[in-house]
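User: Got a model open here and want to talk through it. Can you take my questions as they come?

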Amino acid sequence: MSNGLALLSIFVLSVFIGFEVVSKVSTTLHTPLMSGANAIHGIILVGAITVADRADTNLELGLGIAAVVLATINMVGGFVVTDRMLEMFKGKPRVKKEVEITGGEAK
Amino acid sequence: MNQNLYDVIGLAVAACFIMALKGLSSPKSARRGNLIGAFGAFVATDLVFFAPGMTHHHKWWILGAIAVGVLVGVPAARQIQMTQMPQLVALFNGVGGGAAALVAIVEYLKLGSTASTPVVLATVFTVIVGCISFSGSIVTFLKLQEIMTTRPVIFPGGRFVIAGTLLGVLGTAEWVVHSLGNTSITVMAILALLFGVLFVLPVGGADVPIVISLLNAFTGLTVAASGYVLQATLLIVAGTLVGASGTILTRLMAAAMGRSLFGTLFGAFTAKPMAAAATGEVRTVKSGSPDDVAILLNYAQRVVIVPGFGLAVAQAQHTVRELADLLTSRGVDVAYGIHPVAGRMPGHMNVLLAEASVPYEQLVEMDEINPTFPQTDVVLVVGANDVVNPAAKTTPGCPIYGMPILDVASAGNVIFLKRSMRPGFAGIENELLYDPKTTLLFGDAKDSLTKVVSALKAL
């Protein structure tokens, strides 16, 4: 398999995994999930470090360094804020069941 | 480091990201999922310094830049109030898009005449979409922060300007692909930034979260495209995961709000500013005192509290809980009716109330609570408006038409705690305010609630 084709295969398979993992998510978790996914694309930091490392001119270095700063903010800030949101969800699934039970009785 | 080892660790990091997204889809595992993702990102960032072919010429610059990013990002994420969290996510998404665009620009500057067409195309794609994501996110930030108007910004001939800009972007892209040069890429980046602004301006305030989610997916795709250019498998996997899951999430959000994605994005192209109904007519509302409200609540059998963004802004979560506890102790059945998009984003209100440690069993989702409104004596709407606005059902053509609402009009009495008669985030008049069974209590939500609580204690 050529390199290009291998990368294309990875791309297509990743699309299916991406669709699959979030297909059944409750509205309660939409915001943290969006925020978590947002943090994951901060992995562009790896790309930013790579191009900054290879920079030959000051222009390339300047742009690369700016990219490193922005990507770090995206990644680190994203994970921290998602964690802060999720901190408030602890212990909930157990209580959630009780809601459904009492809700049923009320009807 | 040996290339094979590097690739194997990269694969493990990709697996971390898949587990992170999977974990985030269920409340039980969400926090662990996020930590797994953070761990993967941390490993990947360390690993790249040992990647084969690294020159380490600019190591200190890079480490310094990472330190700056951490010093900006962590305090921002820690200190932001939970009410302002959606705009912070928008901002983080924007800087991510900007980073991807910059990476692609640097790569473009390095492309020689030997570069293959797919690589050039992927680079150009990243620059365009990254720039759109960057400037679009900044506009959503300004809208959510209410630095600029939350209403759709529509100007005459707007759609031609937007279409023209898009054609301009594609035209310069053609130029960029055919003649590698600094001028062409600069012009293209500027046009793409402009397009991002124009693309988000016509979107109304209530639809902004959907746009953030969409731009999030866009940024994911740009990361995947950069991965292709840089031949970095990890970036392809991570970026594509975010792109695909972000697309699904955007559709889920649009469905939760009863909007079609297409309508959200392009509705404003055709929308005319709504003619103000019944202008000049002086309409009367019934406003009450905290004592009136306390009496209504005290003699009710069942009370449903509908919290909205106004509650969060006034930091009234604790006071509302105090009120609910007091009512419960007097034998009143109290529940909270949570609209899926109460607050600024789907699930935002659950986060805010959880922060005030409101018992989770009292939070009832819209589909479960709607059938119970006819048996409810009093609905207390605290700083919410759009999510209970019957216009969503009765007025075709209004910006929230079709959005499922909390059916509070079928309850015995409705009490609105509002700061003023100002319409909600979506900017639409609420007919319910003029309904004879509605009582309004004007003032800051926390202030009003405190007065109601003391009036209730005196009864």
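User: Where is B:Glu146 found?
Analyst: B:Glu146 is in the loop between helix H5 (117-144) and helix H6 (158-178) of chain B. Helices here are DSSP runs of H or I with at least four residues, strands are E runs of at least two, and both are numbered from the N terminus. This is a predicted model, where local features need pLDDT of at least 70, side-chain atom pairs count only at pLDDT 80 or more, and totals for chains, interfaces and linings use all residues. Residues are numbered from 1 along each chain as its sequence is written, and chains are lettered from A and ligands numbered from 1 in the order in which they are written.

User: What about its phi?
Analyst: B:Glu146 has a positive phi of about 60 degrees, although it is not a glycine.

User: Is B:Glu146 buried or exposed?
Analyst: Exposed: B:Glu146 has 11 other C-beta atoms within 10 Å. The cut-offs are 20 or more such atoms within 10 Å for buried, 12 or fewer for exposed, and partly exposed in between, with C-beta atoms placed from the backbone.

User: And B:His56, which loop is that in?
Analyst: B:His56 lies between helix H2 (30-48) and helix H3 (59-79) of chain B. B:His56 is not a glycine either, yet has a positive phi of about 60 degrees. B:His56 is exposed, with 9 other C-beta atoms within 10 Å.

User: New topic. Why is H14(B) largely enclosed?
Analyst: Helix H14 (residues 348-355) of chain B has 7 of its 8 residues buried, so the rest of the structure largely encloses it. The buried ones are B:His348, B:Met349, B:Asn350, B:Val351, B:Leu352, B:Leu353 and B:Ala354. Just after H14(B), B:Ser357 takes a positive phi of about 45 degrees.

User: Zoom out. How much of chain B is buried?
Analyst: 53% of its 459 residues. Chain B has 17 helices and 6 strands. Its C-alpha trace spans about 80 × 50 × 35 Å along the principal axes.

User: How is chain B divided into domains?
Analyst: Domain 1 is 1-79, domain 2 is 90-270 and domain 3 is 290-458. Those bounds come from an automatic or database domain assignment.

User: How many residues of domain 1 of chain B are in contact with domain 2 of chain B?
Analyst: 7 residues of domain 1 of chain B are in contact with 6 of domain 2 of chain B. In contact means C-beta atoms, placed from the backbone, within 7 Å. Helix H1 (residues 3-24) of chain B gives the most to the domain 1 side, with 6 residues.

User: Now the chains. How many residues of chain A are in contact with chain B?
Analyst: 81 residues of chain A, against 96 residues of chain B. H4(A) supplies the largest share of the chain A side, 27 residues. By class, that side has 47 nonpolar, 23 polar and 11 charged residues. Nonpolar covers Ala, Val, Leu, Ile, Met, Phe, Trp, Tyr, Cys and Pro; charged is Asp, Glu, Lys and Arg; the others, Gly among them, are polar.

User: Which residues of H1(A) are buried?
Analyst: A:Phe11, A:Ser14, A:Gly18 and A:Val21. They cover an arc of only 105 degrees around the axis, so they sit on the same side of H1(A). The arc is taken from the directions from the helix axis to the C-beta atoms. On the other side of H1(A), A:Leu5, A:Ser9, A:Val12, A:Leu13 and A:Phe16 are exposed.

User: What covers the buried residues of H1(A)?
Analyst: The cover includes H1, helix H8 (208-230) and helix H9 (233-256) of chain B.

Terms used
Two residues are in contact if their C-beta atoms, placed from the backbone, lie within 7 Å.
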